[in-house]
Amino acid sequence: MATRRISRCWSAAWPGPGGPLVIVSLRLVACVRGKRIRESIFGPGHKGVFVSRILLLSDIHANLAALETVVLDAESRSAMDRVWSLGDAVGYGPQPNECLARLRGLDALAVAGNHELAALGSLPLEQFNPHARAAAEWTASVLTAESRQYAESLPEKTVDGDFTLVHGSPRDPVWEYLDRAGVAAANLPFLETPHCVNGHTHVPVVFPASGNDDEKVFPGHEQTVDLKAGRWFVNPGSVGQPRDGDPRASYAVLDDSAATVSFFRVEYPIGDTQSLMQKAGLPGMLWQRLSRGL
Ligand SMILES: [Fe+2]
């Protein structure tokens with residue numbers, strides 16, 4: 001018979017627009033055959049309540065070595081009850097089918113990025129620079145039917161609890177770079193949840209919806225940002241092609257109990273990915289930049 005342990009804890013709700021922070025939720029934490037299950041007493045997905053620690057992945061860019069290293073690191077921190085993927089799982093890198101299969105295996109809640117759409121022929125490649133265009137054409141040529149079917153199933157925007165998931169921004173999920181607090185503020189009319197998680201810039205950052213640039217945070221490794229007050233746009237950085245000068249893979253973890261997001265960097269075997277890119281004939285600039293994190 002399965003052992004079942006129930007414990008209880010209070011969870012702080014996210015304040016609504018202009019509303020105070022209030023304590024509203026009693027959650028149940030059950031252990032069934034060693035698997036921890038958390039559930040709001042108001043039901044799974046109840047607005048205002050997290051239901052788990054969520055691993056945030058973005059811009060994997062077909063870099064399986066980086067993805068596997070991140071997953072192992074997150075597992076070692078007990079930080080992946082659930083997984084969200086914020087687009088561009090393919091493009092640039094050498095293993096698009098393997099990365100999409102891994103996301104399916106992780107049962108990730110995922111959205112499409114501009115590189116999924118390009119590989120599917122849904123975006124004009126003229127909008128890409130020559131290196132990105134060459135990589136998109138290569139990706140399209142190697143995608144399996146199963147990968148295409150999965151990529152086609154991804155929405156450009158989705159909602160889970162108090163978070164909207166997009167690749168770019170709520171206003172333009174495919175293309176807009178959310179790279180300043182002012183851009184975050186301009187996106188508020190398009191954000192129907194308290195908070196947003198996004199990718200696309202390849203730089204880990206937390207922007208306040210207030211538009212006050214002084215409140216933005218460019219987090220370092222193992223830095224935790226408090227999200228209890230205000231509304232926020234959270235970017236976990238890029239797993240497979242960081243562009244902030246740090247070549248280590250970047251990811252983040254949303255913590256439901258603490259209402260925080262923590263950021264992590266992890267070294268991975270960059271040379272393995274570079275070798276596969278060279279063998280695939282992908283542009284040299286694309287594999288060389290991985291060593292610089294730019
Ligand atoms: Fe990207």
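This is a predicted model: local features need pLDDT of at least 70, side-chain atom pairs count only at pLDDT 80 or more; totals for chains, interfaces and linings use all residues.
User: Why is V70 called buried?

Analyst: A residue counts as buried if 20 or more other C-beta atoms lie within 10 Å of its own, and V70 has 26 such neighbours, so V70 is buried. V70 is found in helix α1, which covers residues 64-76. Across the whole protein chain of 294 residues, 44% count as buried.

User: Which residues is V70 in contact with, once its neighbours within four places in sequence are left aside?

Analyst: With those set aside, V70 is in contact with L57, V239, A249, Y251 and V266. For the protein chain, among contacts between residues at least 6 apart in sequence, 69% join residues at least 24 apart.

User: Why are β6 and β11 said to stand at the edges of their sheet?

Analyst: That open sheet has six strands in the order β6-β5-β4-β13-β14-β11, with mixed pairing. Both β6 (109-110) and β11 (224-226) have a single partner strand, so one side of each is left without a neighbour in the sheet. For β11, three bridges join it to strand β14 (residues 260-266), and the two run antiparallel; in this pairing D226 stands opposite T260. Helix α1 packs on the sheet, touching β4 (54-57), β13 (249-255) and β14, and its direction makes about 35° with that of β13.

User: How do you know that β7 and β8 pair, and in which sense?

Analyst: Pairing requires at least two bridges between two strands, and β7 (residues 157-160) and β8 (residues 163-166) have four, in the antiparallel sense. One of these bridges links T158 to L165 in β8. The two strands form a hairpin with two residues between them, and G161 in the turn has a positive phi of about 60°.

User: What makes the pairing mixed in the sheet that holds β7 and β8?

Analyst: This open sheet of five strands has the order β7-β8-β9-β12-β10. At its edges stand β7 and β10 (205-208), each with a single partner strand, so one side of each has no neighbour in the sheet. The twist averages 20° from one strand to the next. While β7 and β8 pair in the antiparallel sense, β9 (residues 195-197) and β12 (residues 232-235) pair in the parallel sense over two bridges, C196 having F233 as its bridge partner in β12. With both senses present, the pairing is described as mixed.

User: What makes up the largest nonpolar core, and which residues have the most contacts inside it?

Analyst: The largest nonpolar core has 68 residues, and those with the most contacts inside it are L56, L57, C99 and Y251. Helix α1 gives the most to this core, with six residues. Not counting residues up to four places away in sequence, L56 touches W84, L86, V197, P236, Y251, A252, V253 and L254.

Technical notes: Residues are numbered from 1 along each chain as its sequence is written. A residue is buried if 20 or more other C-beta atoms lie within 10 Å of its own, exposed if 12 or fewer, and partly exposed in between; C-beta atoms are placed from the backbone. Two residues are in contact if their C-beta atoms, placed from the backbone, lie within 7 Å. Axes are lines fitted to C-alpha atoms, for helices over the stretch in contact, and angles run from 0 to 180 degrees between N-to-C directions. A nonpolar core is a set of buried Ala, Val, Leu, Ile, Met, Phe, Trp, Tyr and Cys residues joined through C-beta atoms within 7 Å.
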